[in-house]
Amino acid sequence: MALNSRAGLPDLACSANQSLSRVVSLPPVRSALAWLRAQEAQFAQWQLELSRIPAPPFGEAVRSEWLSARFHEVGLADVTIDEVGNVLGVRPGIGGHCISLSAHIDTVFPAGTPLNVRQLGSKIYGPGVSDNGAGVIAMLAVAGAMQVCQVPHALPILFVGNVGEEGEGDLRGMRHLFTASRWKDAILYSLVLDGAGSDTVVSEALGSRRFEVIVRGPGGHSWSDFGAPNPILILARAMNSFAKTPVPSLPKTVFNIGVVRGGTSVNSIPESASMRVDIRSTSMAEMERLEDALRLSLDRAIQEELQVQERRGVAPRRPPSLTSEVVPIGNRPAGELQLNAHVLQVIAAVDSHLGNAAQIHRASTDANVPLSLGREAIAIGGGGSGGGAHTLQEWFDCSGRELGLRRILLALLTLAGVG
Ligand SMILES: [Zn+2]
């Protein structure tokens, strides 16, 4: 069966508004919405506990264990931790497809970062409390509400606390889920919870490709070896040429050279030089075009450097020790939802029902993975408000969290259908 086909799923064929009306008319759903408001103290407690467990990229194991225990507590079935550390739990339903509700459990903070997580009034302070404490707690809150209030739903719901969203994690948790897990073909719609807030919908996946470009040469003395190819000059030529590559404003495509290194002393021809290049776009084709331009700029820069030396008559041939490489150091796929996508209609219906004003955003989140595979996915916030993400001054304000939680629950149930 085609993955995005809604054929054979009559409940999902109804318009989003009709499906939502059915959802909100159910007494257990009304109880669940009230429960979400009443349990704030529990949610804040969970958030403090979670945020006190360090979770640097590739170091999420203790958090995985903590979340797995909470998944049992909120009554999820088949709770497991997979090969890469993702925590999975299910609310069973009917049919071969499912809806996934996920939140990344990793942070950007390296091991050893002082966490000092604390609560003052409605605010929680500490690294990672909002990104992604808010998302993980929202996922637990919704699972808890569904369990306590016996909320019915048709399709199974897969809850995922995934690893590896931030930085060098490079979306490895989500990639694993969509390429190697037993759920990979079953996930019909994905709701990704990332950070605080209720006023955004990320439906455009900002992709990125990052490279380290390294040029190595024989090096030498600036006086006696003059004429040996100079890796810094080669890199400079490559930069100059790459920086002239035209980029479209739609789809917005950008590049940056963020780090340059090389050389040891003013009177030495360097043995190596390197630069780090960041390419971003919502279009895979544009990112590929820029990557090609980068490689071409480097090849030409080497040729030019050799030609210059040849004209000087000092270095007739390319020395075997002159090498270059373009090493990928980051790769996040790009993608975009069609404006008539079902998941966008559902979140719009929910926002209009809740009187919530939200805007479409473009960002790099776990939703990049399903979006790049042509699946329907959005990323939304876990409610409340937050700031200072990726800094030690990060904060989360629980005030108004229930709006975000209601939004998530209603969107999830509308996507899953109520049978
Ligand atoms: Zn995040």
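**The largest pocket and its surroundings**

A: The lining of the largest pocket divides into 15 polar, 10 charged and 7 nonpolar residues. Keep in mind that this is a predicted model. The pocket's volume is about 760 Å³. It is lined by 32 residues, and the closest to its centre are Asp-131, Glu-166, Asp-194, Ser-364 and His-390. Strands S8 (200–205), S9 (207–216), S14 (323–332), S16 (359–363), S17 (376–380) and S18 (385–387) each give two or more residues to the lining. S14 supplies the largest share, 4 residues.

His-104 lies in strand S3 (residues 98–104), while Asp-131 is in the loop between strand S5 (123–125) and helix H6 (133–148), so the pair ties together parts that are 27 residues apart in sequence. His-104 and Asp-131 are both buried.

Next, the nonpolar packing. The largest nonpolar core has 85 residues. Leu-67, Phe-71, Leu-101, Met-146, Leu-158, Phe-159 and Ile-378 have the most contacts inside it. Helix H6 gives the most to this core, with 10 residues. Take Met-146: leaving aside neighbours within four places in sequence, its contacts include Arg-91, Val-151, His-153, Phe-159 and Leu-412. A second, separate core has 22 residues, among them Leu-235, Ala-273, Met-275 and Leu-322.

Note on methods:
Residues are numbered from 1 along each chain as its sequence is written. This is a predicted model: local features need pLDDT of at least 70, side-chain atom pairs count only at pLDDT 80 or more; totals for chains, interfaces and linings use all residues. Side-chain values use heavy atoms; hydrogens and water are left out. Buried means under 20% relative accessible area, exposed over 50%, partly exposed in between (1.4 Å probe, protein chains only). A nonpolar core is a set of buried Ala, Val, Leu, Ile, Met, Phe, Trp, Tyr and Cys residues joined through side-chain atoms within 4.5 Å. Contact means heavy atoms within 4.5 Å. On a 1 Å grid over the protein atoms alone, a cavity is a set of points where a 1.4 Å probe fits but cannot get out, and a pocket is an open set with protein on both sides within 12 Å along at least five of seven lines; lining residues have an atom within 4 Å of a point. Grid points are joined across faces, edges and corners, and a volume is the space filled by probe spheres set on the points. Ala, Val, Leu, Ile, Met, Phe, Trp, Tyr, Cys and Pro count as nonpolar, Asp, Glu, Lys and Arg as charged, and the others, Gly among them, as polar.
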